[in-house]
Amino acid sequence: MKTLKGPGIFLAQYAGDAAPFNTLPDIARWASSLGFVGVQIPSNDKRLFDLEQAAASKTYCDDIAGTLAEHGLVVTELSTHLQGQLVASHPTYDRLFDGFAPAELRGRPVERQAWAVQQLKLAATASKHLGLTAHATFSGALAWHLFYPWPQRPAGLVEEAFAELGRRWRPILDAFDEAGVDVCYELHPGEDLHDGATFERFLDAVGQHPRANILYDPSHMVLQQLDYLEFIDFYHQRIRAFHVKDAEFRPNGRAGVYGGYQNWIDRPGRFRSLGDGQIDFGAIFSKMAQYDYPGWAVLEWECCIKDAQQGAKEGAAFIRDHIIKVTERAFDDFAATGSDRTFNRQVLGLE
């Protein structure tokens, strides 16, 4: 059995133009002071990390690792959430997602998509240079605008969407396979991969590719009213990354799962800082230990109520206190009587 690693923190929600969040050494010092031992780095934010340089230079990656080591930290995973979104984007969302790409590619969806694919391939090489085994990303979406079956969908429409999604991701998955790194899709509304059923469709589309895996985030499952504990039972062999994020769902007579276009603070389903929501993390961490989850527990802070820095400080302690140091022996070993095959057969009345 394995004891999972942590606590880690996803830096995307903290990176900014003001110190200590605008350089890797300063944000590392801050994270370490709160008790984190790992950081998940957004690869699109050049204030913290240069993806192109990391893919081109093992020395650069060694320098990144050295900078973090000075503060008792390591890289948990790199993230390409924004770039992954652009691997597959329906034209309906072109204007909205243009901000995820460099300015010179905005309004040029074909070139933007090619850039996104190259970014993922660079991330595979950079992850290898950093000695990582998992990578966090989004799948993008060609069919999200069709998630509710009205108007009636033409026969074969969803199947074609997932076939195309598979065609786009297969070369990327192969690149990660060459690098020895798992691609962990965060199952998330707005992505074609947003629950177990859609992940299974995708696995079929990529031939059950061994590098197609899951970033498990129970908060997105609470907001969909999906059983986030049974999900681990179903898919634990594919869970290779873990965002520890809390949420609550409190439906009322005005709104439910869809939220009524309301702001986050008014929606029945909303994300919360760790410990402030409804998620049973004791049960989650127990299942992760039971199934030998091999990776990190990484805080992703998203809360419309609590201050981000308070959420980080509390989150580090919350994760640390929930990590289960797995046992090295059975609890009833004190009563062991010893055994051999002859003895066992005698107990069964066979000799």
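Modeller: The charged end of R267 is placed over the ring of W264, at 5.1 Å from the ring centre. A charge is said to sit over a ring if NZ of Lys or CZ of Arg is within 6 Å of the ring centre and within 35 degrees of the ring normal. K245 provides another case: its charged end sits over the ring of F271, 3.8 Å from the centre.

The model is predicted, with local features requiring pLDDT of at least 70 and side-chain atom pairs pLDDT 80 or more, while totals for chains, interfaces and linings use all residues. Residues are numbered from 1 along each chain as its sequence is written, and side-chain values use heavy atoms, without hydrogens and water.

As to ring against ring, Phe, Tyr and Trp (its six-membered ring) pair when their centres lie within 6.5 Å; planes under 30 degrees apart are stacked, over 60 edge-to-face, and the rest tilted. By this rule there are 21 aromatic pairs. One of them joins Y185 and F202, which is edge-to-face because the planes stand at 75 degrees, with the centres 5.2 Å apart. This pair links distant parts of the chain, 17 residues apart: Y185 belongs to strand β5 (residues 182–186) and F202 to helix α8 (residues 196–205). Helices (H or I, at least four residues) and strands (E, at least two) are DSSP runs numbered from the N terminus.

A tilted pair is formed by Y216 and F242, with 5.8 Å from centre to centre and 50 degrees between the planes. Y216 lies in strand β6 (residues 212–216) and F242 in strand β7 (residues 239–244), so the pair ties together parts 26 residues apart in sequence. Y216 counts as buried at 0% relative accessibility, and F242 is buried at 1%. Ring pairs also join Y216 and F242 into a cluster with F199, F231, F234, Y235, F285 and Y293.

Definitions and conventions. Buried means under 20% relative accessible area, exposed over 50%, partly exposed in between (1.4 Å probe, protein chains only).
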